[in-house]
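Please look through the model below before reading on. The numbered points that follow are meant as a careful guide to it.

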Amino acid sequence: MYSHDPSFWRAGAIATTVFMSIVLAALTIDTLRQISPGGPRVPSYSVINRAVTYEYDQQRGEYVPKIGGEELIFDHKYTPQEAAALIARGKLVIQSRACIDCHTFFGNGAYYAPDLTRAWVDPMWARYPARKRSDRLAKFLMDPLRLGARAMPNLHIGREEAEAVVAYLKWISSVDTNGFPDRFGAPAAQ
Ligand code: HEC
């Protein structure tokens with residue numbers, strides 16, 4: 001059954017456009033909710049005061065970040081405002097030194113050096129308790145020592161900048177990324 005009446009097709013086009021615009025608006029609102037700090041997938045900045053681990057979820061069949069009880073970095077409990085300011089600064093340090101020339105965050109960047117999405121829970125650092133880990137990571141950023149096959153350059157990062165980067169790295173490691181990077185930190189992936 002084929003209609004030659006143009007108004008039939010026009011009405012169809014208009015109805016489809018209106019319907020898909022509503023779907024797009026709904027998806028956009030849902031995406032903003034999912035990616036905003038404090039939303040279902042992105043914990044609020046104060047998560048830097050809590051334990052963050054990466055554990056296998058049997059039901060989902062993938063590794064997911066788990067938020068635990070209080071676990072401070074740099075022996076400091078950050079207020080929500082302090083945490084937001086620190087993480088914003090960490091992001092600026094990361095942008096100013098162009099870490100993505102070598103590293104990836106959430107898969108974006110270069111593949112010369114490790115993906116940093118889960119750096120905080122990287123078994124290499126996770127063997128240290130949070131207080132020691134935050135300090136070791138900050139010292140590494142200020143004066144990188146060679147850990148593997150390639151060396152990280154000294155980017156002249158100051159202590160406060162390094163602490164801000166560590167806070168940023170801890171926060172992003174708590175983001176639920178549907179199991180990306182796959183099997184990160186799993187014994188078989190070592
Ligand atoms: C010129 C390339 C380069 C740049 C730029 C760079 N890195 Fe690295 N980074 C490396 C390499 C290579 C390693 C691996 C070092 C090793 O294994 O000895 C590394 C290792 C690391 C590690 C430890 C690895 C891990 O999985 O935890 C962290 C954390 C890190 N970099 C953070 C940063 C941050 C933050 C920046 C920006 C401020 C940055 N890097 C900029 C090359 C780079």
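**Note on helix packing and the ligand shell**

1. The axes of H2 (residues 80-96) and H5 cross at roughly 105 degrees and come within 7 Å. Axes here are lines fitted to C-alpha atoms, for helices over the stretch in contact, and the angles run from 0 to 180 degrees between N-to-C directions. Helices are DSSP runs (H or I, at least four residues), numbered from the N terminus.

2. This is a predicted model, in which local features need pLDDT of at least 70 and side-chain atom pairs count only at pLDDT 80 or more, while totals for chains, interfaces and linings use all residues. Residues are numbered from 1 along each chain as its sequence is written.

3. Where H2 and H5 meet, Leu86, Ile87, Arg89, Gly90, Lys91, Val93 and Ile94 of H2 face Glu161, Ala164, Val165, Ala167, Tyr168 and Trp171 of H5, a contact being two C-beta atoms, placed from the backbone, that lie within 7 Å. By class, this contact has 9 nonpolar, 1 polar and 3 charged residues, where Ala, Val, Leu, Ile, Met, Phe, Trp, Tyr, Cys and Pro count as nonpolar, Asp, Glu, Lys and Arg as charged, and the others, Gly among them, as polar.

4. H5 (residues 159-173) also packs with H4 (residues 130-142), at an angle of about 125 degrees and with the axes 9 Å apart; H4 and H5 are therefore oblique to each other. The contact joins Ser134, Leu137, Ala138, Leu141 and Met142 of H4 to Arg159, Ala162, Glu163, Val165 and Val166 of H5, and by class it has 7 nonpolar, 1 polar and 2 charged residues.

5. Two backbone details deserve a look. His156, in the loop between H4 and H5, has a phi near 55 degrees, which is a positive value in a residue other than glycine. In the segment after H5 lies Pro181, and the peptide bond from Phe180 to Pro181 is cis, with omega near -10 degrees.

6. What surrounds the ligand? The shell holds 25 residues, of which the closest are Cys99, Cys102, Ala113, Gly148 and Met152, a residue being near if its C-beta atom, placed from the backbone, lies within 6 Å. By class, this shell has 18 nonpolar, 2 polar and 5 charged residues.

Key
Parallel < 35°, antiparallel > 145°, perpendicular 65-115°, else oblique.
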